[in-house]
Amino acid sequence: MGAEDIQRQAPNVYRMKLLGATVVSVDSGSRTLKDAMNEALRDWATNVDSTYYIIGTVAGPHPYPQIVRDFQCIIGRETREQSLAQLGQLPDALVACVGGGSNAIGMFHPFLNDSSVAMYGVEAGGDGVETGRHAAPLSAGVPGVLHGNRTYLMTDSGGQIMETHSVSAGLDYPGVGPEHAWLKDLKRVNYVNATDTEAMKAFHQLTRLEGIIPALESAHAVAYAMRLAATMAPEQSVVINLSGRGDKDIQTVAKLEGLTL
Amino acid sequence: MSRISEVSAVAAQQGRKLLIPYLVAGDPDLPTTLKLLHKLVADGADMIELGVPFSDPSSDGPVIQRGVERAIAGGTNLAKVLDLVAEFRLQNDSTPIVLMGYLNPVEIMGYEAFASRASDAGVDGVLIVDMPPSESSVLTPLLKGKHIDTIFLVAPTTTASRCAQIVANCSGYLYYVSLKGVTGAALLDTESVRLSIEKLRTMTDLPIVIGFGIKDAASARAMGALSEGVIIGSALVERIEKLPSDDTASAQQLAQVTEVIKTAREALDTL
């Protein structure tokens, strides 16, 4: 795990340790997810006889994006089943946040052939895509190659991977799963973004109005869904993928608001 | 015949082992790299692998990672590496230069632009660590059209069917990775390397050179005995790390850096 993310995700690190994991801090590069992925690949190459490489997102060399997608698809399959049971029909729109894109692909994939279902992948707009300080390669990146997959990347004119910015550690990645790049090119999924400020606002709103503290990642999806819902008819339905709980993020939020817990 | 094949053929005829140093272009700065290139040739290098700095060198160990970080901090990118090769060629028209790096900078420059600019600069071979043979069908022919070899890595874990695919796409020389791991690791198992090279010999006539983990005269000699030559990278970059930046290294300091290549040359020449 990137040293920066170990700081930002301290409660998750502690949970992993409680479960018996050894968490290795990565101090190279930007000290976030992409550098942790580099280090995991190096470790795997070194200890290939005794190590099984697993990854929690749909990026990386084939067949990992496919493996992770197939597992994550339980989200979309359940959504489909529950929509039919509760709404009597498929939802009109699906909204999920996209960092590497695992929760989003898991939600979207079982609906890809349902042309009536609109899909929105929400990237991290950071300070705003126009500032360059963001983590939105599908919105503002170009095709390139990183971690064994060709996809949209945030890269400079010399081909160096750029540092990303997002309030949410889980979205702070300069690439995105290659299947999302394909769905963007097919125009099957709409890739949009929400800024740090919008995500924070949505974090508070969902907490206050529903008593659900969303992860900062998922708060990006909530932020965009509220924007989207305002353009839809009252009888239409939107499913938001609340991909994570925000308990892990309350320290980050408090810190941003100048509070010490 | 490419410059790499010519040099290999002459070496084979003379019974000379190939010595191929690797260094990162722009580490600590581009003028120093240029001086090091000439000094390495003077100290016995037959060819040079020039590392193209990339922000995410996922096959490299800590020593080369730091070299890459220094080069990037100084603003070195693929275009500047090509300029460096062109400058080297003004004084040296015989030593093959192989660019070693990762695919993204080439993707962003564009395959055709890269092939033509590399050719204009005087590059002889290209080794892209994260370009598997199955994804090389566009770039390799473009390079071949410019008489540039595409070199691939074979690892201890590479299966026979994959080796067959690699040797079918590879030209110049075949780079055998001596160990499971990243550059600069240090666990050479001579016997397993010997067996792997024997198998590779049945599949290809390409010169086979060994890299990863060769750090001194003894390891160079051990691996040189099994192959057409050796690549020394991290052991050189580790010494480059001690150089001052801003093109201020003295001739004596440069000689201290390339000493490791000089002694490897002497060791290989005893074979």
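The size of an interface is often given as the accessible area lost when the parts come together. In this predicted model, chain B and chain A bury about 1,800 Å² between them, and 46% of that area lies on carbon and sulfur atoms. Of the area that chain B buries against chain A, 29% is supplied by B:Asp56, B:Ile108 and B:Lys180, which is more than any other three residues supply. The contact involves 26 residues from chain A and 24 residues from chain B.

Polar and charged groups also meet across this interface. Between chain B and chain A there are 14 residue pairs in polar contact, and three salt bridges are found across the interface. A salt bridge is formed by the side chains of A:Arg150 and B:Glu107, with a distance of 2.3 Å from N to O. On the side of chain B that touches chain A, the elements giving two or more residues are α3 (62-73) and α5 (103-109) of chain B. The most is given by α5(B), which contributes five residues to that side. By residue type, the side of chain B that touches chain A comprises nine nonpolar, eight polar and seven charged residues.

Within chain B, helix α4 (residues 78-91) packs with helix α6 (residues 111-121) at an angle of about 25°, the two axes being 8 Å apart. Because angles under 35 degrees count as roughly parallel, α4(B) is described as roughly parallel to α6(B). From α4(B), the residues B:Leu78, B:Ala79, B:Leu82, B:Val85, B:Ala86 and B:Arg89 meet B:Phe114, B:Arg117, B:Ala118 and B:Ala121 of α6(B). The residues of this contact of α4(B) with α6(B) divide into eight nonpolar and two charged, with no polar residues.

In chain A, the peptide bond from A:His62 to A:Pro63 is cis, with omega near 5°, and A:Pro63 is placed in the loop between α3 (33-46) and α4 (64-72) of chain A. In chain B, a cis peptide bond with omega of about 0° joins B:Asp27 and B:Pro28, and B:Pro28 lies in the loop between β1 (18-24) and α2 (30-42) of chain B. A positive phi of about 50° is found at A:His147, although this residue is not a glycine; A:His147 is located in the loop between β4 (142-146) and β5 (149-153) of chain A.

How values were computed: Residues numbered from 1 in each chain as written. Chains lettered and ligands numbered in written order. Predicted model: local features only at pLDDT ≥ 70, side-chain atom pairs only at ≥ 80, totals over all residues. Heavy atoms only, no water. Contact = heavy atoms within 4.5 Å. Buried area = accessible area lost by both parts, 1.4 Å probe. Salt bridge = Lys/Arg side-chain N within 4 Å of Asp/Glu carboxyl O. Polar contact = N/O pair within 3.5 Å; in protein donor to acceptor, adjacent residues only side chain to side chain. Helix = DSSP H or I, 4+ residues; strand = E, 2+ residues; numbered from the N terminus. Nonpolar A, V, L, I, M, F, W, Y, C, P; charged D, E, K, R; others polar. Axes fitted to C-alpha atoms, helices over the stretch in contact; angles between N-to-C directions. Parallel < 35°, antiparallel > 145°, perpendicular 65-115°, else oblique.
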